[in-house]
Amino acid sequence: MTIGKSLPRYEGLGKVTGQAKFPADYYMPGMLYGKTLRTPLASAKILRLDTSKAESLRGVAKVVTAQDIPGENGHGVIFPDAPILVEDRVRSINDAIALVAAESEEIAEEALSLIKVEYEELPAVYDPREAMKEDSPLVWDKGNILYHLPIRKGDVEKGFREADVIVENKYSTQMVDHAFLQPEAALSYIDETGNLVLRVATQYVHWDRTEIARALNININQVRVVCATVGGAFGGREDMTLQLHCSLLTWLTKRPVKMVYSREESFKAHSKRHPIYMKYKTGCTKEGKLIALEAEFIGDAGAYSSWSPNILRKSAVHATGPYYVPNVKVDAYAVHTNNPFTGAMRGFGAAQPPIAYEAQMDLLAKELGLHPFTIRWRNAFEEGSETATGQILETSVGLKETLLATAKAYGWDVEKLY
Amino acid sequence: MIGTKSFEAIVNGEQVKLNIPQNLRLIDVLRNYLGLTGTKEGCGEGECGACTVLVDGEPYNSCLLFALQVQNKNILTIEGLASYNNLHPLQESFLEHGAVQCGYCTPGMLLVAKALLDKNPNPTREEIKVAISGNLCRCTGYSKIVDAISAVAEKGVKR
Ligand code: FES
Ligand code: FES
């Protein structure tokens with residue numbers, strides 16, 4: 001039986017001996033090197049794209065632009081709104097414009113510098129609160145608000161009237177990169193049966209496969225995505241980065257292609273943690289019992305949807321924290337801007353709200369002269385509690401035990417703090 | 001076109017002789033010419049330590065060295081630390097203490113740890129932290145790595 005035992009990591013031996021193969025550790029005879037041209041602008045129209053000089057450079061096997069994509073030019077974990085290669089409208093800094101496959105990395109790099117792009121710059125918006133306004137530049141013609149989730153429970157107005165103390169504040173969190181230690185890399189080739197094989201570090205093998213098939217306009221059974229050893233991910237490998245690019249280059253050249261990002265390109269290519277602008281109003285009685293909570297979350301989705309709706313939903317669901325509040329009003333929005341797109345990162349929207357709701361708890365405690373432990377203890381979820389979304393917590397609610405254990409470890413005299 | 005030059009060194013105990021472009025980094029020679037892909041690139045600019053190798057017993061970032069700078073030196077990469085069936089005590093200890101997660105920092109961590117213990121077989125936790133301070137790990141939170149290294153130090157194992 002293995003339950004209750006610490007087992008050695010099964011792939012550990014390979015990792016301590018340097019034998020574990022991360023995607024950049026694969027090589028194939030005759031392979032080409034792929035590189036990506038990215039835009040330095042956040043919002044623009046492409047007027048002209050000239051790849052002729054790059055194509056005629058010795059050692060360049062292929063230059064690929066949006067026109068060369070055999071299938072659909074879009075990808076995304078919920079909506080396929082991120083372009084594989086921009087056709088005409090740049091919506092975010094670092095959008096990919098063209099790809100090069102060449103006999104060496106140096107040649108590929110040089111070819112990128114020979115591609116001429118003429119742009120018309122367009123107005124951009126970088127703050128989701130601005131992007132919600134009527135007169136904001138539009139990232140998408142259908143409007144910038146990607147998602148809105150209202151949660152209503154009880155009657156907050158009445159709750160605030162009954163409150164003895166009310167604390168009201170604004171909080172915001174910043175954009176964060178996962179900075180997994182292994183920058184993106186991939187190797188793709190056509191196998192002996194004519195199928196496309198891609199070795200890559202990914203969190204979403206089957207979805208990568210679906211989207212590659214859609215982009216290449218081939219059947220899903222013609223694509224094999226093999227997950228190499230993954231050098232950290234933390235959510236940042238859920239969206240596609242070089243998977244589609246590498247596959248396209250192989251499919252169009254019929255040769256093995258390797259792509260390896262520098263750290264800088266890694267930062268440019270993958271998602272980020274959502275900056276969220278939060279407004280909180282929290283009321284409680286003089287005994288320290290929460291009675292009303294109103295919260296607004298405005299999350300910066302960046303230009304492309306990725307997981308934004310699901311993430312802002314999670315923020316909204318966690319708005320009260322692990323505390324029972326009878327009257328709740330929450331509005332969570334995911335809003336497009338021309339910033340880099342945001343997506344999954346450890347916590348998935350649950351990491352930002354605690355900064356606000358826990359600060360509110362401390363401030364309420366201070367107003368009432370209560371110990372920070374006491375106010376939390378008096379409101380903590382326990383078995384049978386009802387959350388703001390009406391869920392009854394039936395089992396496994398370990399909060400009070402955890403609070404006690406931590407308080408004791410701190411040396412607090414909990415008997416006096418209940 | 002950049003000219004080539006002859007490069008000689010001892011890599012993991014074996015004499016190596018190659019003709020290489022003069023501007024090649026040590027990491028590229030190891031990975032692309034010698035197939036020693038256990039040496040990892042995390043940043044390419046001396047920040048992360050994933051590319052650490054030992055040059056005459058001292059840890060170096062192989063992304064910051066031209067191969068020709070280590071002409072005739074003795075180089076140890078992760079592949080030379082031990083064989084599959086005969087692990088170095090540090091490798092065993094890393095596995096035992098859960099100091100390995102994704103494994104991308106692991107080769108570099110093991111090599112700086114070896115360099116430390118070779119010089120100072122009984123380091124304090126503080127000394128261990130200083131020794132690994134040039135190596136980033138995004139997964140473990142470091143404490144298990146420090147545990148793994150100090151466990152070897154306490155056993156007084158030397159190799
Ligand atoms: S790759 Fe050399 S220090 Fe990061
Ligand atoms: S184990 Fe992943 S970076 Fe250290």
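Modeller: Let's start with a word we need: two residues are in contact when heavy atoms of theirs lie within 4.5 Å. Keep in mind, too, that this is a predicted model. With that in hand, 29 residues of chain A are in contact with 29 residues of chain B.

What about area? The size of an interface is often given as the accessible area lost when the parts come together. Here chain A and chain B bury about 2200 Å² between them, and carbon and sulfur atoms account for 61% of it. Polar pairs turn up here as well: the rule finds eleven residue pairs in polar contact across the interface of chain A and chain B. On the chain A side, helix α1 (residues 12-17) gives the largest share of what touches chain B, with six residues. Sorted by class, that side of chain A has twelve nonpolar, ten polar and seven charged residues.

Now for the charges. Side chains of opposite charge can pair when their charged atoms come close. Two salt bridges are found across the interface of chain A and chain B. In one between these chains, R31(B) pairs with D25(A), and the closest N and O atoms are 2.8 Å apart.

Domain 1 of chain B puts 17 residues into the contact and domain 2 of chain B puts in 13 residues. Between them, about 1200 Å² is buried, with 66% of that from carbon and sulfur atoms. One salt bridge is found across this interface of the two domains. Looking at E58(B), you'll find a salt bridge with K119(B), the closest N and O atoms being 3.1 Å apart. On the domain 1 side, β3 (52-55) and β4 (58-61) of chain B are the elements that give two or more residues, and β3(B) gives the most, with three residues.

Back to charged pairs, this time inside chain A. Over all chains, the count comes to 30 salt bridges. Take K153(A) and E386(A), whose side chains meet at 2.9 Å, N to O. K153(A) sits in strand β7 (residues 145-153) and E386(A) in the loop between α11 (372-379) and α12 (399-409), so this pair ties together parts of chain A that are 233 residues apart in sequence. K153(A) is buried, because its relative accessible area is 12%, while E386(A) is partly exposed at 30%.

Compare that with E211(A) and R214(A), a salt bridge at 2.7 Å, N to O. Both lie in helix α6 (residues 205-216) of chain A, three residues apart, about one turn of the helix. E211(A) counts as buried with a relative accessibility of 2%, whereas R214(A) is partly exposed with 25%.

One more to look up: E382(A) and K400(A) form a salt bridge, with their closest N and O atoms 3.0 Å apart. This pair links distant parts of the chain, with E382(A) in the loop between α11 and α12 of chain A and K400(A) in helix α12 of chain A, 18 residues apart. E382(A) is partly exposed, with a relative accessible area of 40%, and K400(A) is partly exposed as well, with 22%. Finally, R9(A), E11(A) and K15(A) are joined into one network by salt bridges that share partners.

Conventions:
Residues are numbered from 1 along each chain as its sequence is written. Chains are lettered from A and ligands numbered from 1 in the order in which they are written. This is a predicted model: local features need pLDDT of at least 70, side-chain atom pairs count only at pLDDT 80 or more; totals for chains, interfaces and linings use all residues. Side-chain values use heavy atoms; hydrogens and water are left out. Buried area is the accessible area (1.4 Å probe) that two parts lose on being put together, summed over both. A salt bridge is a side-chain nitrogen of Lys or Arg within 4 Å of a carboxyl oxygen of Asp or Glu. A polar contact is a pair of N or O atoms within 3.5 Å; within protein, one must be able to donate a hydrogen and the other to accept it, and residues adjacent in sequence count only if both atoms are side-chain atoms. Helices (H or I, at least four residues) and strands (E, at least two) are DSSP runs, numbered from the N terminus. Ala, Val, Leu, Ile, Met, Phe, Trp, Tyr, Cys and Pro count as nonpolar, Asp, Glu, Lys and Arg as charged, and the others, Gly among them, as polar. Buried means under 20% relative accessible area, exposed over 50%, partly exposed in between (1.4 Å probe, protein chains only).
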